[in-house]
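Visitor: Please pick one part of this model and take me through it closely. I would also like to hear how it connects to what lies around it.

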Amino acid sequence: MNRYLTLLWTFLTSALLANGASHIHQYATIDSLLAGDYESDFPCSRLIRPGHYGIGTFHKLDGELLLLNGELFQIKADGSIARPKPESITTPFATVMDFDAIDMIPIKQPKTLEALEATVENAFLSLNHLYGVHIKGTFSRVVTRSVPAQEEPYQPLVEVVRNEQVRFEKENVTGEIFGFWVPEYLEGVNVPGFHLHLISDDRTFGGHLLDLVMESGTVSWEPAMAFTLHFPDPESDFATINLREQREAELREVELGAPAQ
Ligand SMILES: [Zn+2]
């Protein structure tokens, strides 16, 4: 495409998006991560700008990624929370959105995660779109997890979660959660249903959300009107890993966390 057309295309795309249509960008697929493709040379900075919210993981699966309004957090398996420079850290799987909530419900009575998710799902206008979901509030109980950095040869994600995930449990947390709700038809590409990451307001506790009881706060969301999938390089491992397998059962175990041992 010549320079003029590129500029015109950029202008039209920005105009469309500035008009309120929100855009999800994703790097790689959930099935590539399940298959053990943890290497990456894709810098997080390529997915980040102010207004961007998102979740994912880092090179070699080194912790849980949470992006809040352009601020990047790395929740590590030892429970510590780092603030890496987006240009100097890479991700093998991440989903981000220029999030601007269009709808919100207050939570005034305690709700389990299951009840909270059902409430939000019922409030969605469509179950055929993707949504960014933002939760702020107080939680009487929160269970999260993270995973440690992996070394070659890489094990499939379900094995890492089974053998190495670290669970964190805490009572009386005030914090913030961001994640996505994705329809079933994108199975293999992203995580059908809710996939949420949490961080406490004091930035000392967080991770991939496994369970909670929410006492009070708000849940807001926005449907995406565009979805862009960024692919790893054709010379990377992504080109040769097996993406033909059905990994539904593995995904369920990974998302819910392996049973406590
Ligand atoms: Zn996660």
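**The largest pocket and its surroundings**

Guide: The lining of the largest pocket divides by class into 10 nonpolar, 3 polar and 9 charged residues. The model is a predicted one. The space in this pocket comes to about 490 Å³. It is lined by 22 residues, and Val-191, Pro-192, Phe-194, Glu-255 and Leu-256 are the closest to its centre.

Next come the elements that build the lining. Helix H3 (113-123), strand S11 (193-200), strand S12 and helix H5 (248-256) each supply at least two residues. H5 gives the most, with 5 residues.

A zinc ion is coordinated by His-195 and His-197 through their NE2 atoms and by His-208 through ND1, at 2.0 to 2.1 Å. The spacing of these donor residues in sequence is H-x1-H-x10-H. His-197 belongs to strand S11 and His-208 to strand S12, so this pair ties together parts that are 11 residues apart in sequence. A residue counts as buried when its relative accessible area is under 20%. His-197, at 1%, is therefore buried, and His-208, at 2%, is buried too.

S12 covers residues 206-223 and pairs with strand S9 in the antiparallel sense, over 14 bridges. In this pairing Gly-132 stands opposite Glu-222 of S12. S9 also pairs with strand S10 (residues 166-182), again antiparallel, over 15 bridges. There, Arg-141 stands opposite Glu-171 of S10. Strands of a sheet pair through backbone hydrogen bonds, either parallel or antiparallel.

The structure holds 1 cavity of 30 Å³ or more, and the volume of the largest cavity is about 150 Å³. Among its 17 lining residues, those closest to the centre are Leu-33, Thr-57, Glu-64, Arg-145 and Leu-157. Helix H2, strand S2, helix H4 (157-164), S11 and H5 each supply at least two residues of the cavity lining. By class, that lining has 8 nonpolar, 6 polar and 3 charged residues.

H2 spans residues 30-34 and includes Asp-31. Asp-31 has a relative accessibility of 10%, so it counts as buried. Beyond its neighbours within four places in sequence, Asp-31 is in contact with Gly-188, Leu-243, Glu-245 and Arg-247. Gln-109, by contrast, is 78 residues from Asp-31 in sequence and 37 Å away in space, C-alpha to C-alpha.

S2 (residues 52-57) pairs with strand S3 (residues 64-68) in the antiparallel sense over 4 bridges. Ile-55 stands opposite Leu-66 of S3. Both strands belong to an open sheet of 7 strands with mixed pairing, in the order S5-S4-S3-S2-S6-S1-S13. Strand S5 (81-82) and strand S13 (226-230) stand at its edges with a single partner strand each, so one side of each has no neighbour in the sheet.

Notes: Residues numbered from 1 in each chain as written. Predicted model: local features only at pLDDT ≥ 70, side-chain atom pairs only at ≥ 80, totals over all residues. Heavy atoms only, no water. Pairing = 2+ DSSP bridges. 1 Å grid on protein atoms, 1.4 Å probe; cavity = no way out; pocket = protein on both sides within 12 Å on 5 of 7 lines; lining within 4 Å. Points joined across faces, edges and corners; volume = space filled by probe spheres on them. Nonpolar A, V, L, I, M, F, W, Y, C, P; charged D, E, K, R; others polar. Buried < 20%, exposed > 50% of the residue type's maximum accessible area, 1.4 Å probe, protein only. Contact = heavy atoms within 4.5 Å. Donors = N, O, S within 2.8 Å, 3.2 Å for Na, K, Ca; no water.
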